[in-house]
Amino acid sequence: MDTDGTRETRPDRTGHIPRPAAPPKPSHAPASGPTLGDWLRVPRSSDGPGVWTYGHVPRAAEEPEETPTRQLISGALIALLAGLLLWSLLWNGYLGSFWLWPLYMFTPDSWAGTLPSVVASYIWYAAVACLLIVGFGRLGRWPELLRRLLRSRAVRPLHTAGPTGPEAGSEDDPARWPELRGVGLGEVADRLEGEAGGGRMNDVDYTRIRRAWDSVRVDPSRMRAFADSVRDKGAGACVHPSGARDLPVRAARHDLLARQVLLGTVEDGVRNPYARRGTSLALDPDVLGTSLLAVGPSGTGKTRHLVRPVVESLALQALAGQAAVVAVGAAGAQLGPDAAYDVVVRIGDPASVYDLDLYGGATDPDEAATLLAEAFVGDVPGTDVRRAATALAQLLGPFRAAHGRFPAVPELRELLDGLPAALDALRRELDGQPAMLRELDARTRQHGAHGDPGAALADRVALLDRPAFAGFFDTTGQGRPFSLRALEHPIRVRVDLPERGHADASRMLARLLLAQFNAAAAARADRSLFAFLALDDASHTLTSQTVRGVQRLRSAHAGVLLTLRTLDDVPEELRTPLLGAVGCRMAFSGVTTWDGKRFAEAWGTEWVETRDVTHRTVFADQPLTRAIHAFRKLVTGKAVTTDAVTVRQVERERWSASDLAHAVPPGHAVLSLTSVRGERAAPLLVRLAGSA
């Protein structure tokens, strides 16, 4: 050991000095940005849905009329020349000596020819010159021209003054927990303040403990348990059941105090409302609660710029006890590492720890049959989903009555195929249950009849009865199935679908998950958590029933995110209802004109002011005027004209199909938002975060 406390590196027997061992790789990036206290004290304000409230300063509602720079320069030069002319006339006495009368009145005659008289004269000359400069400067708008030339053109003016946050250490400083001090929990507040000041508390901890305190205010009987937990664990109090206090990595910028994720920046252009130009755009449960539909071709960044940030934001909120999120995508989709989730279901992967409950946790055969029928044959043209649900219920009910569980996939396939051995075995188990026997006999009579959905159901179930799915969808209780009934808990779930080798089965499972989510979200007894489902690819997933279910989610404190490569992946009769069911619509760059036409119809029209300028040639009658006009045409090459300006109010599409297809740059998207309270944001051209 050296004198400075470091270990000395000695050579080995061969004389070689070994390299010192590398330090362990850190699990998190070095801390950067403001401290927790500074982050809490930043004021947050919003003047519409989708505004990034962190440090937001509202802009003026209308763009101020700004005089062109060329006109300002010409006016300033004319004023300067006029001022110099007037000063020259005064100085040389062409206008008389009236402007010297005040000097003569206030200086005694005894000063004539003395130094004080000279000083007084130059002071008066300077005063008159300053008066002329001020007067002609205001007339020529010199101050405005000077400001225009000094500032950068990229910086647009006229932000209104924003609110200021509380000072550090003040009574209303959120880092000092004034709510706890107000009810006599000063010791608890001191513990939390010390945790934040010592760097042992992050934004997830603060948000989680604050939510726990909100629940204490609703139910004061929890106050003692809350105080004891904070005293014992500090910033780790009221932790998520997984024990995690943060995600292993963050790919986007989040503000958990406002429950927002930064999506991008509104372009500073004429296509956007002036009040929103240059502002940051964010998503939160208030707008996601109306559901979001995003359309864009492959490679436009739907997963990277939209799905991943939104899922990550809701995963953080789940750690804070505010949300439950389910992300569904193809295996290999970049939806975050496994450590960022509580449950990862890899359908078709033998190494998957969790399984998927095919029946969504339902115990009622009719409810389970309805969900399965929607997933199995909801996209089959000409198939009555209600008849399919009845056929399934006629099998699920007797099987559950006989075995105390629903059938597994192979058993359900045998029953739908009408195999005599399977039906006879089930009939023997139902001895003494005449109601269930009647159900089974009715299914037997209908099997093979005209219009019987049993064959279509059996074909769809056969997609899941494959060797790749052996061991999945178990109903015997041997596995660890995940059910969407868990949405009442702050859970983080990712479901990987086998899109590559089993595309039809993946789409069917996606339909099943969407149907189960709609049912589970609406059936929750406790809706305090925001429930969210993100479908990374909703192609061939939507049915008429699921579209109606999506529309009802906003009243259930839930929402979905659906991404499509094109609206052609949705049945023709569902495209308009789908755009009407969601409150937020997003068109990425590169959409086709026929997709753009649907968005243009959904976004409607607006009244805009147009200016039509008509140039009319001036014909002179006088010889001198004609000569002047001829000389001007010879110099400029243009005939002398007058301009007639017509201002009209016309109704135009906010975004036309052609503009959406050709005028949206790469890395950009056009996004409209609607909050659950009914507030709307017009379609905005947004530069997505992370785009070049």
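**Starting with a helix**

Reply: Let's begin with helix α8 (residues 203-218): its 16 residues should span 22 Å at 1.5 Å a residue, and the end C-alpha atoms are 23 Å apart, which agrees. The expected span is 1.5 Å times one less than the number of residues. Helices (H or I, at least four residues) and strands (E, at least two) are DSSP runs, numbered from the N terminus. This is a predicted model, where local features need pLDDT of at least 70, side-chain atom pairs count only at pLDDT 80 or more, and totals for chains, interfaces and linings use all residues. Residues are numbered from 1 along each chain as its sequence is written, and side-chain values use heavy atoms, with hydrogens and water left out.

Me: Zooming out, how many helices and strands does the chain have?

Reply: The chain has 23 helices and 16 strands. Its radius of gyration is 37 Å, well over the 26 Å that the globule rule gives for 692 residues, so the chain is more spread out than a compact globule. That radius is taken over C-alpha atoms, and the globule rule is 2.2 Å times the number of residues to the power 0.38. Along its principal axes, the C-alpha trace spans about 135 × 90 × 70 Å.

Me: What share of the residues in the chain is buried?

Reply: Buried residues make up 43% of the 692. As for contacts in the chain with a separation of 6 or more, 74% of them come from residues 24 or more positions apart.

Me: Switching to strands. Is β12 enclosed or open, and why?

Reply: Strand β12 (residues 584-588) is largely enclosed by the rest of the structure, because five of its five residues are buried. Cys-584, Met-586 and Phe-588 point one way from β12, while Arg-585 and Ala-587 point the other way.

Me: Which strands are joined to β12?

Reply: Strand β4 (residues 292-295) runs parallel to β12, with four bridges joining them, and Val-295 stands opposite Ala-587. Four bridges also join β12 to β15, but those two run antiparallel; there, Met-586 stands opposite Leu-671. Two strands pair if DSSP finds at least two bridges between them.

Me: What else is β15 joined to?

Reply: Strand β15 (residues 668-674) is joined to β16 by six bridges, running antiparallel. Thr-674 has Arg-680 in β16 as its bridge partner. The hairpin of β15 and β16 has five residues between the strands, and Gly-678 takes a positive phi near 95° there. Then β16 (residues 680-688) pairs with β2 (residues 260-266) in the antiparallel sense over three bridges, with Val-686 as the bridge partner of Val-266.

Me: Which residues other than glycine have a positive phi?

Reply: Arg-141 is one of them, with phi near 55°, and Arg-259 has a phi of about 60°. Most residues other than glycine have a negative phi. Arg-141 lies in the loop between α4 (115-140) and α5 (142-150), and is partly exposed at 34% relative accessibility. Arg-259 is in the loop between β1 (254-255) and β2, and is partly exposed too, at 21%.

Me: Last one: where's Ala-373, and what does it touch?

Reply: Ala-373 is in helix α12 (residues 365-377), and counts as buried because its relative accessibility is 0%. Leaving out residues up to four places away in sequence, Ala-373 touches Gly-378, Val-385, Ala-388, Ala-389 and Leu-392.

Note on methods. Buried means under 20% relative accessible area, exposed over 50%, partly exposed in between (1.4 Å probe, protein chains only). Contact means heavy atoms within 4.5 Å.
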